[in-house]
Amino acid sequence: TLGLSMGSHPDTAIETNIGEVDIRLGMERPLQVSHQLVMEEEDEKIDMSKYVFQETMDGEVRFWLRLPSAGKYTLSVNAAEIKSEKKKTAWQDEDEDEDESSAFQNVINYSITCTETAEGVMPFPSVEG
């Protein structure tokens, strides 16, 4: 799990009847963490990532989900090492750095079943710069 530990939900199958889920994972060391929330509808997968608020604080990463409708969802959590900012010397080849790149790895997948949710749930505001 690349230094992430199961915190609030040791079981990856989660049910909610209020349309909200608060998932917290412990972080042993600073990592880059990303997520993707997908709603599975018949043969289609719909990206619902904007209904997740992610924050990292005090050695913990938190995912707060506000689900807009009943259904089955999958929350994929991805993590990567934070790339070191080592200075290159003049004789180093640019390509030598490739194995150091911070490639995200899928570390945990939560299967979420939402049986009921509040009316008019809106996505979280975008916090990307």
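Predicted model: local features only at pLDDT ≥ 70, side-chain atom pairs only at ≥ 80, totals over all residues.

Student: In what sense do strand 4 and strand 5 run, and how many bridges join them?

Tutor: The general idea comes first. Strands of a sheet pair through backbone hydrogen bonds, and they may do so in a parallel or an antiparallel manner. In this case strand 4 and strand 5 run antiparallel and are joined by 4 bridges. Methionine 39 also has a bridge partner in strand 5, namely isoleucine 46. The two strands form a hairpin with 2 residues between them, and in the turn glutamate 42 has a positive phi of about 55°.

Student: Which residue of strand 8 stands opposite valine 38?

Tutor: On that side, valine 38 stands opposite threonine 74. Strand 4 (residues 31-41) and strand 8 (residues 71-81) pair in the antiparallel sense over 10 bridges. Another pair between them is glutamine 32 with alanine 80, the latter in strand 8.

Student: What is the order of the strands in the open sheet?

Tutor: The open sheet has 5 strands in the order 2-9-8-4-5, and the pairing is mixed. Its edge strands are strand 2 (13-16) and strand 5 (44-47), each of which pairs on one side only. On average, neighbouring strands of this sheet are turned by 30° against each other, direction ignored.

Student: Let us turn to charged side chains. How many salt bridges does a search of the whole structure find?

Tutor: The criterion is a distance: a side-chain nitrogen of Lys or Arg must lie within 4 Å of a carboxyl oxygen of Asp or Glu. The search of the whole structure finds 5 salt bridges. One of them joins arginine 29 to glutamate 81, with the closest N and O atoms 2.7 Å apart. This pair links distant parts of the chain, as arginine 29 lies in the loop between strand 3 and strand 4, while glutamate 81 lies in strand 8, 52 residues apart.

Student: How does one describe the accessibility of arginine 29 and of glutamate 81?

Tutor: One compares the relative accessible area with two limits: under 20% is buried, over 50% is exposed, and values in between are partly exposed. Arginine 29 counts as partly exposed because its relative accessibility is 32%. Glutamate 81, at 36%, is likewise partly exposed.

Student: Which residues are linked in a network of salt bridges?

Tutor: The network links Asp22, Arg24, Glu55, Glu60 and Arg62. Within it, the side chains of arginine 24 and aspartate 22 meet at 3.1 Å, N to O. Glutamate 55 forms a salt bridge with arginine 62, the closest N and O atoms being 3.4 Å apart. As for accessibility, arginine 24 is partly exposed, with a relative accessible area of 29%. Aspartate 22 is partly exposed at 27%, and glutamate 55 is partly exposed at 27%.

Student: Finally, which residues of the largest nonpolar core touch the most other members?

Tutor: This core has 26 residues, and those touching the most other members are Leu37, Phe63, Leu65, Leu75, Val77, Tyr110 and Ile112. Strand 3, strand 4, strand 7 (60-66), strand 8 and strand 9 (105-114) each give two or more residues to it. The largest share, 5 residues, comes from strand 9.

Student: Is leucine 25 buried or exposed, and where is it found?

Tutor: Leucine 25 is found in strand 3 (residues 20-27). Leucine 25 counts as buried because its relative accessibility is 0%. Leucine 25 and phenylalanine 63 are 38 residues apart in sequence, yet their C-alpha atoms are 8.6 Å apart in space.

Terms used:
Residues numbered from 1 in each chain as written. Heavy atoms only, no water. Buried < 20%, exposed > 50% of the residue type's maximum accessible area, 1.4 Å probe, protein only. Pairing = 2+ DSSP bridges. Axes fitted to C-alpha atoms, helices over the stretch in contact; angles between N-to-C directions. Core = buried A, V, L, I, M, F, W, Y, C linked by side-chain atoms within 4.5 Å.
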